[in-house]
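User: Hi! I've got a new structure open and I'd like to walk through it with you. Can you help me find my way around?
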Amino acid sequence: MLAEMRIQGLGVIDDATLEPHPGLTVLTGETGAGKTMVVTGLTLLGGGRAEASRVAEGASRALVEGRFDAGGPALRLAEEVGAEVDEDGTLIAVRTVSSDGRSRAHLGGRSVPVGVLSRLAESMLAVHGQNDQLRLLRPVEQRAVLDRYAGEAVAGPLERYRSVRALWRTACTELVERRDGARELAREADLLRHGLAEIESVRPQPGEDVALVEEARRLAAADDLRSAAGGARLAVAGGDGADADGTPDGAPDLPGALGLVGEARRLLNGTGDPELERLEPRLAEVAMLLGELTGELTGYLTALDADPERLQVALVRQAELRALTRKYAADIDGVLAWADQATERLSGIDTSDDAIAALQARRDELAGELGRHAESVSSARRKAAGELAAAVTAELAGLAMPDSRLLVELSRRELDGAAAGRDGAGLELSGRWVAAGPDGVDEVEVRLVPHAGAGPVPLHKGASGGELSRVMLALEVVLADADPVPTMVFDEVDAGVGGRAAVEIGRRLARLAATHQVIVVTHLPQVAAYADRHVVVDKRGAAKNGVAQGRVRTLSEADRIVELARMLAGLDDTSTGRAHAEELLTTATREKSQARAPGASKKRTVAAH
């Protein structure tokens with residue numbers, strides 16, 4: 001429920017606070033005073049589209065702040081986005097629109113995407129304006145209204161229908177691709193087989209290209225490497241006139257580091273000085289390390305391959321690997337990964353007749369299952385359609401349309417059988433091919449019998465503006481029990497209505513306010529008289545930037561009589577007008593009390609049946 005709303009810099013409203021009643025709150029005022037800005041503010045709080053043109057002249061931004069008594073869904077949403085709930089259990093939502101059109105949203109003190117406010121509104125707020133009446137003329141919206149009324153009876157089968165439909169559509173698409181793309185698939189398969197054969201002929205090993213680069217570098221520099229390793233060995237071990245392979249090395253017998261260390265050890269051992277002799281073990285360690293190093297250098301020289309033929313083999317192998325990396329990946333590991341993917345893809349390409357027949361059988365099996373779910377959805381809708389039509393017709397009788405009847409009719413759009421079966425657009429039900437969309441196979445049309453003796457006609461052809469307003473209200477009253485949204489906002493739902501019909505609209509809104517918080521923008525005194533709280537929006541505030549500012553005021557009982565007299569015929573300054581307003585207010589208050597008395601709801605239910 002909406003506990004409080006504040007508006008700043010929106011349209012003609014500079015700064016105003018609205019505290020709606022938990023029951024019925026009406027907003028009245030002269031044309032252009034700013035009543036619509038209140039509805040606009042609520043729409044913005046619900047995540048609606050932000051327009052820079054709504055920002056007040058001279059203001060840098062518009063701000064709308066709403067404080068909601070949060071229920072379960074709102075609390076779960078707040079926890080999800082990290083919003084804080086106040087100590088009194090309320091949740092504050094804020095929407096700002098700058099003069100350049102940029103919009104920001106906050107929930108519970110935390111900046112959030114605008115979509116979060118839309119999710120909040122789904123559980124807290126429903127705004128119905130004249131645009132909603134126009135939407136009601138569209139078949140898609142009429143089907144949505146029927147499904148909303150049917151509730152779980154349609155929602156469950158429809159969910160199962162959609163789940164199977166997704167599988168069915170996938171099977172249909174794959175079958176079309178198999179049939180129409182057999183040539184392309186065959187060409188793709190040939191290319192994959194060729195690539196795999198080429199890779200198999202080379203038989204690359206993981207990391208082989210990197211290893212070959214190192215080997216080729218070493219083979220190409222074998223002479224330089226031998227000279228460096230031989231010189232190092234000579235410096236460590238000294239010259240003995242032969243290389244590691246036994247061939248003369250051309251070097252005279254020269255003392256190396258190992259020989260010099262040995263000489264040092266001999267000299268220290270012969271001194272007889274304990275301090276010098278203590279150094280000998282350390283020289284022994286050095287000698288051991290030099291011996292190991294000599295062995296490693298000798299092993300390296302022995303293993304060093306200077307065979308020109310081996311170098312040529314490595315270069316040829318490199319060329320083979322490069323041929324693969326030019327075509328399939330940047331390195332050999334990538335080539336091997338491509339080969340794995342190609343093998344997997346090739347296993348899924350099957351253009352044989354058996355594969356097509358198996359896929360066709362799968363499609364037909366799913367089509368049969370989908371048809372059964374579609375019939376379940378249709379059956380639930382037909383039952384709900386009769387109940388909805390009867391309930392709304394009963395409401396219309398109470399809205400000064402006693403001879404009117406509402407009909408909710410279901411039909412199916414037929415398709416050409418061959419095309420529907422091929423592209424997965426339709427199903428064959430009861431020997432006819434019908435369109436199978438995401439919402440089922442039913443086309444829903446709401447028709448109105450406007451008066452006795454008239455035939456049923458579509459709403460967009462047979463309903464006047466006033467009749468459409470009453471049909472919309474009747475639907476909302478009927479749907480109220482099925483609607484979890486606690487706050488309902490109506491923007492001039494009584495447009496084009498007057499006289500007794502206006503009184504009946506006031507009664508219905510008051511009845512709706514017994515179970516919901518209802519906020520209504522109206523120009524009818526017959527509706528305003530039923531309010532639990534009457535709020536007026538006028539332009540009597542101080543001017544700002546040369547523009548009169550809208551003011552939002554909650555009226556006292558005495559002020560209500562003045563406002564109702566003005567709304568009746570501009571007679572707020574005459575005793576006749578005030579007397580008429582007092583009578584209207586007294587009658588509405590008495591009827592409202594009787595309607596909300598214990599047992600009144602049960603009596604209405606019995607009377608309706």
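This is a predicted model: local features need pLDDT of at least 70, side-chain atom pairs count only at pLDDT 80 or more; totals for chains, interfaces and linings use all residues.

User: Which other strand is joined to E14?

Analyst: Strand E15, residues 517-521, is joined to E14 by five bridges, and these two also run parallel. Here Val-489 stands opposite Ile-519 in E15.

User: What does parallel pairing rest on, anyway?

Analyst: Strands in a sheet pair through hydrogen bonds of the backbone, and the pairing can be parallel or antiparallel.

User: Is E14 buried or exposed?

Analyst: Buried! Five of the five residues of E14 (residues 487-491) are buried, so the strand is largely enclosed by the rest of the structure. Both of its faces are covered: Thr-487, Val-489 and Asp-491 are buried on one side, and Met-488 and Phe-490 are buried on the other.

User: New topic. What is the order of strands in the open sheet of six?

Analyst: The order is E2-E1-E4-E5-E6-E7, and the pairing is antiparallel. E2 (13-18) and E7 (110-112) stand at the edges with a single partner strand each, so one side of each has no neighbour in the sheet. On average, neighbouring strands of this sheet are turned by 15° against each other, ignoring direction.

User: How many bridges join E5 to E6?

Analyst: Five bridges join E5 to E6 (residues 103-107), running antiparallel. If you want a pair to click on, Val-94 stands opposite His-106 in E6.

User: Which helix lies across E6?

Analyst: That's helix H3, residues 114-124. H3 lies across E4 (61-69), E5, E6 and E7, and runs at about 55° to E6.

User: I clicked on Ser-98. Which strand is Ser-98 in, and why does Ser-98 count as buried or exposed?

Analyst: Ser-98 lies in strand E5, residues 90-98. Its relative accessibility is 17%, and the cut-off for buried is under 20%, so Ser-98 counts as buried. Leaving aside neighbours within four places in sequence, Ser-98 is in contact with Ala-52, Val-55, Ser-60 and Arg-61.

User: What about the open sheet of three strands, which order does it have?

Analyst: That one goes E9-E12-E13, with antiparallel pairing. Its edge strands are E9 (405-411) and E13 (457-458), each pairing on one side only. E12 (residues 443-449) and E13 pair over two bridges, and Arg-447 stands opposite Pro-458 in E13.

User: Which helix packs on that sheet, touching E9 and E12?

Analyst: Helix H15, residues 353-398, packs there, and its direction makes about 165° with that of E9. Helix H5 (residues 139-150) also lies across E9 and E12, running at about 90° to E12.

User: How many cavities of 30 Å³ or more are there?

Analyst: The count comes to three. The largest cavity has a volume of about 40 Å³. Its lining includes Leu-136, Leu-388, Val-408 and Val-446. The largest share of that lining, three residues, comes from H5.

User: Let's switch to helix H7. How many residues does H7 have?

Analyst: H7 (residues 182-202) has 21 residues and reaches 31 Å from its first C-alpha to its last, close to the 30 Å expected at 1.5 Å a residue. Among the buried residues of H7 are Leu-185, Ala-189, Leu-192 and Gly-195.

User: And what is phi like just after H7?

Analyst: Just after H7, Arg-203 takes a positive phi of about 55°. Most residues other than glycine have a negative phi. Arg-203 sits in the loop between H7 and helix H8 (208-220). At 54% relative accessibility, Arg-203 counts as exposed.

User: Where is Ser-430 found?

Analyst: Ser-430 is in the loop between E10 (426-429) and E11 (432-435). Ser-430 has a positive phi of about 55° too, although it is not a glycine. With 69% relative accessibility, Ser-430 counts as exposed.

User: Last one: how many helices and strands does the chain have?

Analyst: The chain has 23 helices and 17 strands. Buried residues make up 42% of its 609 residues.

Conventions: Residues are numbered from 1 along each chain as its sequence is written. Side-chain values use heavy atoms; hydrogens and water are left out. Buried means under 20% relative accessible area, exposed over 50%, partly exposed in between (1.4 Å probe, protein chains only). Helices (H or I, at least four residues) and strands (E, at least two) are DSSP runs, numbered from the N terminus. Two strands pair if DSSP finds at least two bridges between them. Contact means heavy atoms within 4.5 Å. Axes are lines fitted to C-alpha atoms, for helices over the stretch in contact, and angles run from 0 to 180 degrees between N-to-C directions. The expected span of a helix is 1.5 Å times one less than its number of residues. On a 1 Å grid over the protein atoms alone, a cavity is a set of points where a 1.4 Å probe fits but cannot get out, and a pocket is an open set with protein on both sides within 12 Å along at least five of seven lines; lining residues have an atom within 4 Å of a point. Grid points are joined across faces, edges and corners, and a volume is the space filled by probe spheres set on the points.
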